[in-house]
Amino acid sequence: MEKQGIRSEYLMKIAVVTGASSGLGKEFVLQIAEKEKNLDEIWVIARRRERLEALQQDCAVPLHILAMDLTEEDAADRLEQELKAEKPEIGILVNGAGFGKIGSWQDVARRESSAMIRLNCQAAVEVTLVCMVHRLTAKFLPSDIMMAIWELIRRL
């Protein structure tokens with residue numbers, strides 16, 4: 001249930017995409033920018049700042065670049081501080097950050113396994129919890145974005 005007057009304190013409508021510097025995360029940024037006309041910014045999160053800056057040239061919507069490694073202990077705290085400072089309404093959240101190592105347990109180092117769990121599980125949950133406070137609606141993936149997902153899968 002929405003508290004009375006909460007919307008008046010929000011300034012802009014945004015999407016948040018993690019893993020935005022490459023792969024599906026990058027493609028989501030481009031698809032969201034193309035299909036969602038009511039966004040003020042897309043907040044892009046990834047480790048490689050230079051790739052996020054290069055993405056701006058291909059994107060019709062302004063990007064708010066947050067270069068951070070989501071496996072770091074304070075990453076979600078930094079995102080939370082940025083959201084509290086800017087007070088945006090989040091209409092779309094894409095947790096696109098992730099990686100995987102394939103092989104037997106003997107071939108994958110313990111530290112790599114731990115990093116996979118931190119990024120693919122813990123960071124995804126933490127980012128979602130931080131973003132839920134600033135959500136525009138409970139619907140994080142509008143139907144036209146779902147169509148973009150299916151189009152991406154079809155092309156693979």
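**Close-up views of a predicted model**

**View A. Helices α3 and α4 pack at an angle of about 15 degrees, with their axes 10 Å apart.** In this predicted model, α3 covers residues 75-86 and α4 covers residues 110-132. Because angles under 35 degrees count as roughly parallel, α3 is described as roughly parallel to α4. The crossing of α3 past α4 is right-handed. On the α3 side, the contact is made by Ala 76, Leu 79, Glu 80 and Leu 83, and they meet Glu 126, Val 127, Val 130 and Cys 131 of α4. Sorted by class, this contact has six nonpolar residues, two charged ones and no polar ones.

**View B. Ser 21 sits in the loop between β1 and α1.** Is Ser 21 buried or exposed? Ser 21 counts as buried, because its relative accessibility is 8% and the cut-off for buried is under 20%. Look for the side chain of Arg 48, which forms a polar contact of 3.3 Å with the side chain of Ser 21. Beyond its neighbours within four places in sequence, Ser 21 is in contact with Lys 26, Ala 46, Arg 48, Arg 51 and Leu 52.

**View C. His 64 is part of strand β3, residues 63-67.** With a relative accessibility of 16%, His 64 counts as buried. Which side chain does the side chain of His 64 join in a polar contact of 2.8 Å? That partner is Glu 82. Setting aside residues up to four places away in sequence, His 64 touches Glu 41, Ile 42, Trp 43 and Val 44, as well as Glu 82.

Terms used. Residues are numbered from 1 along each chain as its sequence is written. This is a predicted model: local features need pLDDT of at least 70, side-chain atom pairs count only at pLDDT 80 or more; totals for chains, interfaces and linings use all residues. Side-chain values use heavy atoms; hydrogens and water are left out. Helices (H or I, at least four residues) and strands (E, at least two) are DSSP runs, numbered from the N terminus. Buried means under 20% relative accessible area, exposed over 50%, partly exposed in between (1.4 Å probe, protein chains only). A polar contact is a pair of N or O atoms within 3.5 Å; within protein, one must be able to donate a hydrogen and the other to accept it, and residues adjacent in sequence count only if both atoms are side-chain atoms. Contact means heavy atoms within 4.5 Å. Axes are lines fitted to C-alpha atoms, for helices over the stretch in contact, and angles run from 0 to 180 degrees between N-to-C directions. Angles under 35 degrees count as roughly parallel, over 145 as roughly antiparallel, 65 to 115 as roughly perpendicular and the rest as oblique. A crossing is left-handed if the near helix is turned anticlockwise from the far one by less than a right angle, and right-handed if clockwise. Ala, Val, Leu, Ile, Met, Phe, Trp, Tyr, Cys and Pro count as nonpolar, Asp, Glu, Lys and Arg as charged, and the others, Gly among them, as polar.
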